[in-house]
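Thanks for coming, everyone. I'd like to walk you through one structure today. Let me put it up on the screen.

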Amino acid sequence: MTFDNARILLKADAIEKTFRGNRVLDGISMDVHAGEVIALIGPSGAGKSTFLRCLNYLEQPTGGSLHLDGEPVFADPLKPAKSELLSLRRRVGMVFQTFNLFPHLSVVENVTMAQRLNGLRSTSEAEEYALKLLAQVGVEEKAEARPSECSGGQQQRIAIARALSQDPELMLFDEPTSALDPEVGNDVLRVMRDLADAGTTMIVVTHEMRFAERVADRVLLLDEGRILEEGPPERVFRHPEHARTSRFLHAVLDR
């Protein structure tokens with residue numbers, strides 16, 4: 001896989017998050033290049049999901065700043081305007097552990113809704129694009145079904161199609177296979193590999209070490225709210241610099 005070293009799509013600078021006096025994120029900084037796939041790994045409670053949610057302000061950081069294509073996302077990061085939040089979330093899509101599909105809508109309606117509400121496409125254009133995306137993730141036959149008529153793996157792939165429907169420049173994945181059994185999860189990982197191969201910029205919080213090793217351009221290990229280890233997968237997995245990284249990898253790879 002290749003990515004554009006010359007273009008920093010997202011710059012996170014000294015992101016902090018404090019809950020009730022407990023510092024969950026301790027000044028994390030990271031550059032994300034266009035087309036790059038980054039895997040965030042680490043022990044539970046390390047701050048991975050919180051950091052990911054701070055990147056599209058589902059969690060508002062208590063310190064730090066974000067830039068997209070060199071431009072600040074917010075005039076005041078501590079007081080984001082609604083229009084700034086909407087702009088950020090159109091450019092930065094997210095797929096969660098749970099699917100969060102609207103149960104009363106059909107699959108295709110779930111994928112067209114955001115397009116229509118945000119004025120991206122007309123009703124007919126949105127439906128045509130939704131069907132294209134559903135085919136891309138392999139669930140086109142479920143277009144008229146309700147989410148309850150789809151398996152967990154199918155629902156997660158529908159959620160991916162919904163996120164893609166707004167043409168985001170960056171995709172965030174928060175442990176997208178954690179609620180799925182391994183065989184079903186492999187279908188979701190296959191879709192994500194296809195997106196990576198197509199040049200989609202992605203940040204993935206994952207416990208799927210094999211996926212991280214094979215697909216990511218860079219692996220970051222978070223521990224206690226900080227980036228402890230960072231580098232190409234081969235180095236991080238085979239020649240980690242820190243004993244804490246070695247202990248974590250032995251624990252997850254030896255299970």
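Start at Leu68, which stands opposite Glu71 in strand 5. Before going further, a caution: this is a predicted model. Now, what does that pair belong to? Strand 4 and strand 5 run antiparallel, and 2 bridges join them. Strand 4 covers residues 63-68. On another side of the pairing, strand 4 meets strand 1, again antiparallel, through 5 bridges. Follow Leu68 across to strand 1. Its bridge partner is Leu10.

Stay with Leu10 for a moment. Leu10 also stands opposite Val32 in strand 2. That takes us to the next pairing. Strand 1 spans residues 4-19, and strand 2 spans residues 22-34. The two pair in the antiparallel sense over 10 bridges. Another pair to look for is Asp4, which stands opposite Ala34 in strand 2.

How many residues sit between strand 1 and strand 2 in their hairpin? The count is 2. Look at Arg20 in that turn: its phi is positive, about 50°.

Now put the pairings together. The 4 strands form an open sheet, in the order 2-1-4-5, with antiparallel pairing. Which strands are at the edges? They are strand 2 and strand 5, and each pairs on one side only. Strand 5 is residues 71-72.

Next, helix 5. Helix 5 runs over residues 152-164.

Is helix 5 mostly covered or mostly open? Mostly covered: 12 of its 13 residues are buried. Among them are Gly153, Arg157, Ile158, Ile160 and Leu164. What do the buried residues pack against? Two strands are on the list: strand 6, residues 92-95, and strand 7, residues 170-174. The helices there are helix 3 at 107-117, helix 4 at 123-136 and helix 6 at 182-197.

On to the cores. The largest nonpolar core has 47 residues. Which of its members touch the most other members? They are Ile41, Leu134, Ile158, Ile160, Phe173, Met192 and Met202.

Take Met202 as an example. Set aside its neighbours within four places in sequence. Met202 is then in contact with residues including Glu36, Val37, Ile38, Phe173 and Met192.

Now the loop between helix 1, residues 48-54, and strand 4. Asn56 lies in that loop. Asn56 has 4% relative accessibility, so it counts as buried. Beyond four places in sequence, Asn56 is in contact with Leu88, Arg89, Val92, Met94 and Leu172. Tyr57 is found in that loop too, between helix 1 and strand 4. Tyr57 is not a glycine, yet its phi is positive, about 60°. Is Tyr57 buried or exposed? Buried, because its relative accessible area is 6%, and the cut-off is under 20%.

There is another positive phi to see. Glu175 lies in the loop between strand 7 and helix 6. Its phi is near 45°, and Glu175 is a residue other than glycine. At 14% relative accessibility, Glu175 counts as buried.

One more tyrosine. Tyr129 is found in helix 4. With a relative accessible area of 19%, Tyr129 is buried. Tyr129 and Gln115 are 14 residues apart in sequence, and their C-alpha atoms are 9.4 Å apart. Gln115 is one of the residues in contact with Tyr129, and so are Arg121, Leu164, Ser165 and Asp167.

What about cysteines? Cys54 counts as buried, at 0% relative accessibility. Cys150 counts as buried as well, at 8%. How many disulfides does a search of the whole structure find? The answer is 0.

Last, the record. An unreviewed UniProt entry places the feature "domain: ABC transporter" at residues 10-249. In this model, that span is 38% helix and 25% strand. Its end C-alpha atoms lie 28 Å apart.

That's my tour. Over to you.

Technical notes
Residues numbered from 1 in each chain as written. Predicted model: local features only at pLDDT ≥ 70, side-chain atom pairs only at ≥ 80, totals over all residues. Heavy atoms only, no water. Pairing = 2+ DSSP bridges. Expected span 1.5 Å × (residues − 1). Buried < 20%, exposed > 50% of the residue type's maximum accessible area, 1.4 Å probe, protein only. Contact = heavy atoms within 4.5 Å. Core = buried A, V, L, I, M, F, W, Y, C linked by side-chain atoms within 4.5 Å. UniProt positions renumbered as here; feature names shortened; annotations may be inferred. Disulfide = S-S within 2.5 Å.
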